[in-house]
Amino acid sequence: MEAIYREQIVPALTGSAYCRFAYTTRTFSEQNALYAQGRTKLFDSAGNRIGIVTKAKGGQSLHNYGLSLDIVLINGTSASWDTVKDFDKDGKSDWLEVADIFESNGWEWGGSWNSFKDYPHFQKVFGYSWQQLLAKYNSKDFIPGTTFVNI
């Protein structure tokens with residue numbers, strides 16, 4: 001992962017923006033809190049209506065198994081989820097440059113999904129479904145000394 005970032009993503013983004021990993025591994029509790037947004041948790045702390053941000057409950061997300069990450073572009077001091085902005089003015093959106101790099105390295109991009117588009121999301125499943133990973137988790141098939149499933 002470090003090589004992809006240093007050798008491909010950093011050189012591709014030559015303008016004012018750079019890529020950061022916003023979410024990597026999440027606990028089942030953290031995933032359930034995200035799942036509640038827009039369903040049972042309808043308003044943020046300022047009273048603004050919030051929408052659904054994920055279709056996955058705890059155990060159903062590859063974030064729970066350390067097999068996915070979400071990105072954000074940082075432009076100066078501001079976070080950007082603008083998928084069309086070309087900060088480095090090379091004729092291609094910076095977001096799509098990063099997506100292409102991940103995909104060329106065998107990662108699946110949530111922006112390519114047919115139904116629920118998840119543009120910040122990238123995952124590498126190694127042939128496993130979330131159901132198989134959850135079964136491994138429930139049977140405590142972990143990497144020795146950890147609580148990460150053995151794949």
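# Exercises on a predicted structure

Ser112 is found in the loop that runs between strand E4 (108-109) and strand E5 (121-123). The model is predicted, and the mean pLDDT of the chain is 93, with 100% of its residues at 70 or more.

**Exercise 1. Determine whether Ser112 is buried, partly exposed or exposed, and state which residues it contacts beyond its neighbours within four places in sequence.**

Solution. Step one concerns accessibility. The relative accessibility of Ser112 is 39%. Buried requires a value under 20% and exposed a value over 50%, so Ser112 counts as partly exposed.

Step two concerns contacts. Once neighbours within four places in sequence are set aside, Ser112 is in contact with Glu103 and Lys117. With Glu103 there is a polar contact between the two side chains, at 3.0 Å.

**Exercise 2. Classify the ring pair formed by Tyr5 and Phe21, and locate both residues in the chain.**

Step two applies them. A search of the whole structure finds nine aromatic pairs. In the pair of Tyr5 and Phe21, the ring centres are 5.8 Å apart and the planes stand at 65 degrees, so the pair is edge-to-face; the cut-off for this class is an angle over 60 degrees.

Step three places the residues. Tyr5 belongs to helix H1 (residues 2-12) and Phe21 to strand E1 (residues 17-23), so the pair ties together parts that are 16 residues apart in sequence. Tyr5 is buried, at 17% relative accessible area, whereas Phe21 is partly exposed, at 31%.

Step four widens the view. Ring pairs link Tyr5 and Phe21 with Phe102, Trp107, Trp109, Tyr119 and Phe122 into a cluster.

**Exercise 3. Describe the salt bridge of Arg6 and Glu2, then that of Asp141 and Lys136, with the accessibility of each residue.**

Step two takes Arg6 and Glu2. Their side chains meet at 2.8 Å, N to O. Both residues lie in helix H1, four residues apart, about one turn of the helix. Arg6 is exposed at 56% relative accessibility, and Glu2 is exposed at 54%.

Step three takes Asp141 and Lys136, whose side chains meet in a salt bridge at 2.8 Å, N to O. Asp141 is partly exposed, with a relative accessible area of 26%, while Lys136 is buried, at 16%.

Terms used:
Residues numbered from 1 in each chain as written. Predicted model: local features only at pLDDT ≥ 70, side-chain atom pairs only at ≥ 80, totals over all residues. Heavy atoms only, no water. Helix = DSSP H or I, 4+ residues; strand = E, 2+ residues; numbered from the N terminus. Buried < 20%, exposed > 50% of the residue type's maximum accessible area, 1.4 Å probe, protein only. Contact = heavy atoms within 4.5 Å. Polar contact = N/O pair within 3.5 Å; in protein donor to acceptor, adjacent residues only side chain to side chain. Phe/Tyr/Trp six-rings, centres within 6.5 Å; stacked < 30°, edge-to-face > 60°. pLDDT = per-residue confidence, 0-100. Salt bridge = Lys/Arg side-chain N within 4 Å of Asp/Glu carboxyl O.
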